[in-house]
Amino acid sequence: MPKLARIAPEIPVTDLDRTKLGFKVEMEMPERDYAIVERDNVALHLFQDRAKSHSPASVHIFTYGLEELYTELQGRGAQVSQRIVRQPWGNRDFRITDPSGNEIKFTEPLSENAEGQGRGTQPGDVRDAAPGAE
């Protein structure tokens, strides 16, 4: 049976340098119009949208250590569009908006011990969010 292994969304940006936010540049085209940035098991492909012909994108990244990540990204100058919030289905998340208008949502799944739920989810576990919750 086929198995999906990884996702690497392509995101339109107007300024490659201002969008990296602590991700390591793994590859950048000589024309500086396309870059692959990675952090841990997350890759984002950024492409220069000089004509501004694409709508902003939205990306959802699952993580642990939400408070530390929030503090780090604020220190890097990220524009926070939503502070850390506990959602009705249990997860906690925050959102940033990059200089191109793309939104990145960072979610910490409900842990086994959080609020006695005992669900024991891992990042990206689809059981973690209620249908239509995103």
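**Entry 1: overall numbers.** I started with burial: 39% of the 134 residues of the protein count as buried, where buried means under 20% relative accessible area, exposed over 50% and partly exposed in between (1.4 Å probe, protein chains only). The accessible surface comes to about 8300 Å², with 49% of that belonging to carbon and sulfur atoms; the areas come from the Shrake-Rupley method with a 1.4 Å probe, and for residues only the protein chains shown count as cover.

Residues are numbered from 1 along each chain as its sequence is written, and side-chain values use heavy atoms, with hydrogens and water left out.

**Entry 2: confidence.** I looked up pLDDT, the predictor's confidence in each residue from 0 to 100. The protein averages 83, and 83% of the residues score at least 70. Over residues 113-134 pLDDT stays under 50, and the model has 34 contacts beyond four places in sequence for that stretch (contact means heavy atoms within 4.5 Å). Where pLDDT is low, the predicted coordinates should not be read in detail.

**Entry 3: element list.** I found one helix and eight strands, running β-β-β-β-β-α-β-β-β from the N terminus on. Both kinds are DSSP runs numbered from the N terminus: helices are H or I, at least four residues, and strands are E, at least two.

Entry 4: Four strands form an open sheet in the order β1-β4-β3-β2, with mixed pairing; two strands pair if DSSP finds at least two bridges between them. β1 (10-13) and β2 (24-28) are at the edges with a single partner strand each, so one side of each has no neighbour in the sheet. Neighbouring strands here are turned by 30° against each other on average, direction ignored. (Axes are lines fitted to C-alpha atoms, for helices over the stretch in contact, and angles run from 0 to 180 degrees between N-to-C directions.) β1 and β4 (residues 42-48) run parallel, joined by four bridges, and P12 has F47 in β4 as its bridge partner.

**Entry 5: another sheet.** This open sheet of four strands has the order β5-β8-β7-β6, again with mixed pairing. Its edge strands are β5 (58-62) and β6 (79-86), each pairing on one side only. The twist averages 15° from one strand to the next. β5 and β8 pair in the parallel sense over five bridges, and I61 stands opposite F106 in β8. α1 packs on the sheet and touches β6, β7 and β8, its direction making about 15° with that of β7.

**Entry 6: aromatics.** How many aromatic pairs does a search of the whole structure find? I got two, counting rings of Phe, Tyr and Trp (its six-membered ring) with centres within 6.5 Å; planes under 30 degrees apart count as stacked, over 60 as edge-to-face and the rest as tilted. Y70 and F94 are edge-to-face, 5.0 Å centre to centre with 85° between the planes. Y70 lies in α1 (residues 66-75) and F94 in β7, so this pair ties together parts that are 24 residues apart in sequence. F94 and F106 are stacked, at 5.2 Å and 25°. Y70, F94 and F106 form one aromatic cluster. Y70 is buried, F94 is buried at a relative accessible area of 0%, and F106 is buried at 5%.

How values were computed. Predicted model: local features only at pLDDT ≥ 70, side-chain atom pairs only at ≥ 80, totals over all residues.
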